[in-house]
Amino acid sequence: MSSRGPAASKKLLTGLIGAPIAHSASPAMHERAAEALGLRGHYQLIEVAGADATGLRMMLEGVRRLGFAGVNVTFPYKEAVVPLLDELASTAATMAAVNTVVVRNNRLIGHNTDTTGFARAVKPLLAPAGNAVAVIGTGGVGKAIAFALASLKVTDLRIFDSEPARAEKLAALLANHGGARVARSVEDALHGATGLVNGTPVGMLPNRDTPVPPALLRENLWVADAVYSPLITPLLAAAREKGARIMTGRELAIYQAADAFELFTGLAPSTEVMGEAFDAVMAARSAAYQAA
């Protein structure tokens with residue numbers, strides 16, 4: 001990613017809008033990355049459940065006026081913020097989903113680093129040729145994952161959503177980016193697939209469900225999950241039992257955060273430092289669960 005954006009100041013105020021977000025590792029990752037670059041960073045969690053367009057607009061105006069370099073946006077607002085911004089980067093505009101809002105010259109500019117972050121994370125799993133990948137879920141993160149796979153030239157992309165109209169809408173958006181087939185069911189999406197990605201929040205604590213029945217998993221399949229709380233979701237645990245290669249949500253979390261940090265500051269952060277911060281949060285959380 002190129003180093004674009006405002007010159008870094010000694011103080012850096014960023015944050016996250018979404019709900020629920022108390023579990024987020026983003027504050028630790030961004031604040032440690034800032035510290036490593038000699039900045040005094042504060043990353044503010046802005047948790048508001050059930051916000052309508054008026055509520056979101058008020059939050060974004062606060063971001064514009066209160067000295068934020070920018071904010072990340074997560075579930076359930078990645079699509080809802082799109083019409084409220086002043087400008088969209090090309091990919092964010094095409095997919096109509098934003099996870100990073102940069103404040104520049106008093107304007108709110110939307111980007112999507114879930115796409116760039118997932119592309120960086122998943123690339124090692126893709127075969128040189130012959131990738132057939134199923135994506136479950138076509139909301140904000142599912143869209144980003146599908147566009148990331150399309151950017152990596154995955155030409156046999158299958159998408160499934162429990163709301164077929166959402167999947168059809170995403171397929172239309174992808175028509176000029178390699179295309180995607182709307183699957184009739186999870187079984188249909190996985191038939192002959194070499195890879196599977198969960199782009200839904202199913203499996204995120206306290207939920208312990210899986211978006212894919214374990215019986216459909218197999219050894220000659222790689223399985224990735226966007227959820228990182230817990231790292232080993234019920235889906236990944238079942239896939240590992242079948243002998244499948246797995247990818248946790250760790251890499252997506254780190255890479256999307258790194259790309260967002262660079263957009264906020266114009267400085268490339270250390271993904272190693274961000275990874276250490278992420279791991280510390282997850283270790284503390286695991287210890288807390290075991291003690292409970």
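Analyst: What follows goes from the pocket to its annotated residues, then to helices and to the backbone. This is a predicted model, in which local features need pLDDT of at least 70 and side-chain atom pairs count only at pLDDT 80 or more, while totals for chains, interfaces and linings use all residues. Residues are numbered from 1 along each chain as its sequence is written, and side-chain values use heavy atoms, with hydrogens and water left out.

User: How much space lies in the largest pocket, and which residues are closest to its centre?

Analyst: Rolling a probe the size of a water molecule over the atoms shows where empty space is left. Here a 1 Å grid is laid over the protein atoms alone, and a pocket is an open set of points where a 1.4 Å probe fits, with protein on both sides within 12 Å along at least five of seven lines; lining residues have an atom within 4 Å of a point. Points are joined across faces, edges and corners, and the volume is the space filled by probe spheres set on them. The largest pocket holds about 960 Å³, and of the 44 residues that line it, Thr74, Phe75, Lys78, Val141 and Pro201 are the closest to its centre.

User: Which elements give two or more residues to that lining, and what is its make-up by class?

Analyst: Helices (H or I, at least four residues) and strands (E, at least two) are DSSP runs numbered from the N terminus. Strand S3 (70–73), helix H5 (140–151) and helix H9 (250–265) each give two or more residues to the lining, and H9 gives the most, with three. By class, the lining has 22 nonpolar, 16 polar and six charged residues, where Ala, Val, Leu, Ile, Met, Phe, Trp, Tyr, Cys and Pro count as nonpolar, Asp, Glu, Lys and Arg as charged, and the others, Gly among them, as polar.

User: Which residues does UniProt list for "binding site", and where do they lie?

Analyst: The unreviewed UniProt entry lists Ala226 and Gly249 under that name; such positions are given in the numbering used here, with feature names shortened, and annotations may be inferred rather than shown by experiment. The two span 24 residues in sequence, yet no two of their C-alpha atoms are more than 4.6 Å apart, so they gather at one spot. The lining of the largest pocket takes in Ala226 and Gly249. Ala226 is found in the loop between strand S11 (222–225) and H8, whereas Gly249 lies in the loop between strand S12 (245–247) and H9.

User: Are Ala226 and Gly249 buried or exposed?

Analyst: Buried means under 20% relative accessible area, exposed over 50%, and partly exposed in between (1.4 Å probe, protein chains only). Ala226 is buried at 17%, and Gly249 is buried at 1%. With contact meaning heavy atoms within 4.5 Å, and neighbours within four places in sequence left aside, Ala226 is in contact with Val141, Ile145, Asn198, Gly249 and Leu252.

User: Which residues of helix H1 are buried, and what do they pack against?

Analyst: An α-helix has 3.6 residues a turn, so residues three or four places apart point the same way. In H1 (residues 26–36), the buried residues are Ser26, Pro27, Met29, His30, Ala33 and Ala34. They pack against strand S1 (11–18), strand S2 (40–47), S3, H9 and helix H10 (271–291).

User: Which peptide bonds are cis, and where is phi positive?

Analyst: Most residues other than glycine have a negative phi, and most peptide bonds are trans. The bond from Phe75 to Pro76 is cis, with omega near 5 degrees, and Pro76 sits in the loop between S3 and strand S4 (87–88). The bond from Ser229 to Pro230 is also cis, with omega near 15 degrees, and Pro230 is found in the loop between S11 and H8. Ala96, which is not a glycine, has a positive phi near 55 degrees and lies in the loop between helix H3 (90–95) and strand S5 (100–104). Asn106, in the loop between S5 and S6, has a positive phi of about 65 degrees although it is not a glycine. Just after H1, Gly38 takes a positive phi of about 80 degrees.
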